Amino acid sequence: MREAANAGQVAPTDRVLVIDGLRGFAILLVLFFHIYLKTHFAFGFDAFGLHLDAHSFIAPGFLGVEIFFFVSGFCLMLPYAAWTAGRRGEQSLGEYVSRRFWKIVPSYYLALAFVVLFYPFDAHAGISRATDVLLHLSFLHGFSVVSFDSLNAAFWSLAVEVEFYLIFPLIVWGFLRAPVVTTTVVTLGGLGYSWYVAAYNLDGTFIWPNQLLSFLPLFAIGAFCAWIYERHLRGVAIADDIRKGCAVGAVASVAVLAYVFEWVDRTTGGPAAWGWENAHRLEIALVLAVFTLCGVCATPVVQRLLGNPILAFFSDISYNVYLWNGILMAYLSTHMQVVVPFGPYGFVLLSFFGSTILGYALTRWFERPLMRFRFRTPLALWRSLTTRRPASTSSAP
């Protein structure tokens, strides 16, 4: 982060409790959804004569990816909104690119290399290995039916994310001039694509409803929420009654989101669920927007609850958990009789704790050191390695 451009400015922390909570919730959804796919484990129990279960959240857990894209739009826009509000210096295009590169690419390439060299559990027969790898290395695998979910099916969303990174500077340009118009145009563009997919009966496939254009409402409305937060809500004195009302609004939006999950669960998954997602991404984005804007204005107790330490922890490690949980579960399911002696219960525990430990280790000892590295572009890194430094005159060891 650059120093503030003007005297007296303070570069703020980019942590927003509600967004941490959303991201942590999203990765838990994805993690348990992948466990469900492998085991169809009934996450429920009987108590006081009632049967309680989380099936309505587990079976449609793929909606966690929708939440990730909303959060991505929010987080990417946050520094630019803070800059226009006078809270931090301008983020240059080079800094934007380097931050995205070091955050996304090394961890992804590490997981991709492991899959290609040791365990290509989702490899497709309809494409050569060399072509498949090249498409994944260039993040172009999302444009091919045979490579879209090949090697590791979870990689498809990385292609969508990087495509959004490429167009995001243009979105920022629009936001700096007309944020409402830009949000509307980008959202309508996404809705137009979703209409086309449905009109031509492409929404029963996996690839067409999961292209970047279909997710644009989530990205755009997430970015707009960051703009509203930094420009109009952050640091503003809010009356206690309004904060309490916002807390009610945040809880109500959670209830609406639970209804959304229940509705998706009724589709029984597959093509019906893909079609439902394609048709309702605007509504999902609006529910998340209400939750976010109410959450950031709610009482401090509610904010801490929404962004509690457990969700914040999973938020921090979410990227590496996302990259590696499918790999771990594929291995466990293949060797289940050997490494999972307690059947489905053992699989659930090993998958959950194994993915968590692996995600934590890679985040702490691989991703974060790279993010802290001061030479944040490949060219600068190369120059630092090839430039001879003058001998130090210091007497310190």
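**A conversation about helices and loops**

Guide: Glu 277 lies in helix H10, where helices (H or I, at least four residues) and strands (E, at least two) are DSSP runs, numbered from the N terminus. The structure is a predicted model, in which local features need pLDDT of at least 70, side-chain atom pairs count only at pLDDT 80 or more, and totals for chains, interfaces and linings use all residues. Residues are numbered from 1 along each chain as its sequence is written, and side-chain values use heavy atoms, with hydrogens and water left out.

Visitor: Is Glu 277 buried or exposed?
Guide: Glu 277 counts as buried because its relative accessibility is 4%. Buried means under 20% relative accessible area, exposed over 50%, and partly exposed in between (1.4 Å probe, protein chains only).

Visitor: Which residues is Glu 277 in contact with, leaving aside its neighbours within four places in sequence?
Guide: With those neighbours left aside, Glu 277 is in contact with Phe 62, Leu 63 and Glu 66. Contact means heavy atoms within 4.5 Å.

Visitor: How many residues does H10 have, and how far does it reach?
Guide: Helix H10 covers residues 271-297, which is 27 residues, and reaches 38 Å from its first C-alpha to its last, close to the 39 Å expected at 1.5 Å a residue. The expected span of a helix is 1.5 Å times one less than its number of residues.

Visitor: Where is the kink in H10 centred?
Guide: The kink in H10 is centred on His 280 and amounts to about 65°. The bend at a residue is the angle between axes fitted to the seven residues ending there and the seven starting there.

Visitor: Let us turn to H3. Where does H3 bend?
Guide: H3 bends by about 35° at Leu 78, and a proline, Pro 79, follows within four residues. This helix, residues 63-84, has 22 residues and reaches 32 Å from its first C-alpha to its last, close to the expected 32 Å.

Visitor: How many residues of H3 are buried?
Guide: In H3, 19 of the 22 residues are buried, so the helix is largely enclosed by the rest of the structure. Gly 86, whose phi is positive, near 80°, follows H3.

Visitor: And what about H8? How many of its residues are buried?
Guide: H8 is mostly covered, with 17 of its 22 residues buried. From its first C-alpha to its last, H8 reaches 29 Å, close to the 32 Å expected. A kink of about 25° in H8 is centred on Leu 218. Just after H8, Gly 235 takes a positive phi of about 80°.

Visitor: What is the phi of Thr 268?
Guide: Thr 268 has a positive phi of about 65° although it is not a glycine. Thr 268 is found in the loop between helix H9 (240-266) and H10, and counts as exposed at 71% relative accessibility.

Visitor: A new topic, please. At what angle do the axes of H6 and H13 cross?
Guide: The axes of helix H6 (residues 156-177) and helix H13 (residues 318-334) come within 10 Å and cross at roughly 140°. Axes are lines fitted to C-alpha atoms, for helices over the stretch in contact, and angles run from 0 to 180 degrees between N-to-C directions. H6 and H13 are therefore oblique to each other. Angles under 35 degrees count as roughly parallel, over 145 as roughly antiparallel, 65 to 115 as roughly perpendicular and the rest as oblique.

Visitor: Which residues make the contact?
Guide: Trp 156, Ser 157 and Leu 158 of H6 meet Tyr 319, Tyr 322 and Leu 323 of H13.

Visitor: What does the whole protein contain in helices and strands?
Guide: The protein has 16 helices and 2 strands. Buried residues make up 50% of its 397 residues.
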